[in-house]
Amino acid sequence: MKQAELLIIVPAFNEAEGIRGVLADIRSRIPDADIVVVNDGSADATAAESAAAGAAVITLSCNLGIGGAVQTGYRYAAERGYRLAAQMDGDGQHLPEEMGRMRLALARSGADMVVGSRFVERRGFQSSRARRMGIALLAGLLTRLLGREVTDPTSGFRLCGPRAIALFASDYPTDYPEVEALVEMDNAGLRCVEVPVVMRERRTGTSSISPFKSVYYMCKVTVAVLIAKTRKKKWSVRYEA
């Protein structure tokens, strides 16, 4: 069976209740893609439900967090030679029908990564007011540091080309990684663009980021981004064309 060009990476932690529906939605909307679920040490039946839905499943022996789970997916993509790899959450927030727009943007822009942004057109689910304020602060910080407009730095809805896959397979931030990963790309000389997308509220379960953790998140991410920006270095990114 011929391997697809595009791999969809779905990191999942205790998403057994809704993962089948999420995968069925992805399969019906992006039929030419392969799917791998990175089961991040779930205590429920996430792995079994994902396998029953026809996805490849990697089960981590313990909970590494979103950074470790996503990097596992990029390593899987790099080792198997996928030319494109997309991150989509296992809670159903990311609409698979938006992938066509993201693929087109990646091809036309020549960028290394496309980020789906909720805040370019401000349609669909926009998150809570408190989170929007935090996202706006981080967006302002990144816009200043990177010298280009960033509207949705915490979006985990991303599509990567070969160079970004190779970079993230080699090195990826471990804790609350989305914002820091944008700085890492810039340090490596890779280019990222945003496209407007619509997202929806998670279908099942609850977010792992509580109000208390939100404060920690803002402090941690801000410090991590500033440190990352000061340690710019040349990366040797190799990939198969």
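**Exercise 1. State which residues of helix H4 (residues 99-109) are buried and which are exposed, and what the buried ones pack against.**

Step 1. Met-99, Met-102, Ala-105 and Leu-106 of H4 are buried, that is, under 20% relative accessible area with a 1.4 Å probe and protein chains only, where exposed means over 50%. Helices (H or I, at least four residues) and strands (E, at least two) are DSSP runs, numbered from the N terminus.

Step 2. Because these four cover an arc of only 120° around the axis, they lie on the same side of H4; the arc is taken from the directions from the helix axis to the C-beta atoms.

Step 3. Ala-107 and Arg-108, on the other side of H4, are exposed.

Step 4. The partners of the buried residues include strands S1 (6-12), S5 (113-117) and S7 (192-196), with contact meaning heavy atoms within 4.5 Å.

The model is predicted: local features need pLDDT of at least 70 and side-chain atom pairs pLDDT 80 or more, while totals for chains, interfaces and linings use all residues. Residues are numbered from 1 along each chain as its sequence is written, and side-chain values use heavy atoms, without hydrogens and water.

**Exercise 2. Describe how S5 and S7 pair, and how S7 is placed.**

Step 1. The two strands, S5 and S7, run parallel and share five bridges; pairing requires at least two DSSP bridges.

Step 2. Val-115 is opposite Glu-194 of S7.

Step 3. S7 is largely enclosed by the rest of the structure, because four of its five residues are buried.

**Exercise 3. List the contacts of Phe-168.**

Step 1. Leaving out residues up to four places away in sequence, Phe-168 touches Gln-71, Tyr-74, Met-113, Cys-160, Ala-181, Glu-184 and Met-185.
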